[in-house]
Amino acid sequence: MANNNLEHMLEKRTQARQIIKDMNIGAWIILVEDNDAEKVHLSLIGATDDSKGIVYVLTPTRAVAVCGHLEASKQREYGFEVIEATGRDNLEPLVKNLAAIIGEDQTDPIALNYSHEFGSIDTLGHGNYVKITKAIVDAGYSAKTEPDRLFTSADQLIMRIASTKLPFEIKLLREAAELTDKVLREAFQQIRTGMSEKNVGDIVHSIAKRYMSKDKRVGYSWPESHNPIVLTGKGIEDSPHAAPSDRVIEQGSTVYIDFGLSISGYTGDLQHIGYVLKNGETAAPPEVQKMYDVLVSSIQAG
């Protein structure tokens, strides 16, 4: 779920345009079809995650949506300049208006969502990459820019926008982390020996859904089927990203939970670990306590 607060969306878009300027990029073009992978980056430009059939162009001074008539009013509502496409082909009006959008004398490269380094950013697809770059080159834009500098990966741009948090984003991230922590603390109080990992997962879901029913901004940080991850005993030696199993919690075992809730699309992701005391024990064994202390001190140092 994206944060659809218009003020926040415009703040993020303004930040993106400033970073585009700082990085000497002429324009960032995002082609959005029915492609969920490409939609992941829309919140970084202040667009809604249900947008499709649109080409967005961001420059240091402009934010343009090239789209059909049915999408036009919505894009204007969210503060984009709109170039309406008469048919299903958004590339033709994009290319036709590109020089006017970017500027006749622009020589800085155009950023596209491909990457040789980060799979999560390599979302454009080879076919669309060929289609959009060929259309721009054929329109003569390459005459103004050195061919080897005409296009560049948007990966560093995306990483910088995503990692440079605005005050409202820090607030939402903190709220998501605090709520995630609250659910985990409540869940740990209900864990008993004889329960399975699945039983613990059900407890966490029950508590989480109580909060979701009260606040529609709340969602899971990743799919519910393996959120939370619950591992007890030797289960933690296997895959750390497995769904809860029928493995039973016993005395002398650790219980590890990895869980996350989101607030308006900003995700919490916390890992808590506990130890089930054996009869006669008043504290965890030294090796378990040492592991815990090392983890805590590492987090604090980081």
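How many helices and strands does the secondary structure of the protein chain come to?

1. Welcome to this predicted model. To take the opening question: the protein chain has nine helices and 12 strands. Its radius of gyration is 24 Å, whereas the globule rule gives 19 Å for 302 residues, so the chain is more spread out than a compact globule.

2. Along the principal axes, the C-alpha trace of the protein chain spans about 80 × 40 × 35 Å.

3. Among contacts in the protein chain with a separation of 6 or more, 64% are made by residues 24 or more positions apart. Of the 302 residues, 45% count as buried.

4. The protein chain has an accessible surface of about 15,800 Å², and carbon and sulfur atoms hold 51% of that. There are 32 positive and 42 negative side chains, with the centres of the two sets 4 Å apart.

5. Finally, here is one residue to look up for yourself. Val204 sits in helix 8, which runs over residues 197–214. Val204 has a relative accessible area of 0% and is therefore buried, the cut-off being under 20%. Beyond its neighbours within four places in sequence, Val204 is in contact with Val183, Ala187, Pro228 and Phe259. Tyr220 is 16 residues from Val204 along the chain, and the C-alpha atoms of the two are separated by 11 Å.

Definitions and conventions: Residues numbered from 1 in each chain as written. Predicted model: local features only at pLDDT ≥ 70, side-chain atom pairs only at ≥ 80, totals over all residues. Heavy atoms only, no water. Helix = DSSP H or I, 4+ residues; strand = E, 2+ residues; numbered from the N terminus. Rg over C-alpha atoms; globule rule 2.2 N^0.38 Å. Buried < 20%, exposed > 50% of the residue type's maximum accessible area, 1.4 Å probe, protein only. Contact = heavy atoms within 4.5 Å. Areas by Shrake-Rupley, 256 points an atom, 1.4 Å probe, with all protein chains shown as cover. Lys, Arg positive; Asp, Glu negative; His and termini not counted. Charge placed at Lys NZ, Arg CZ, Asp CG, Glu CD.
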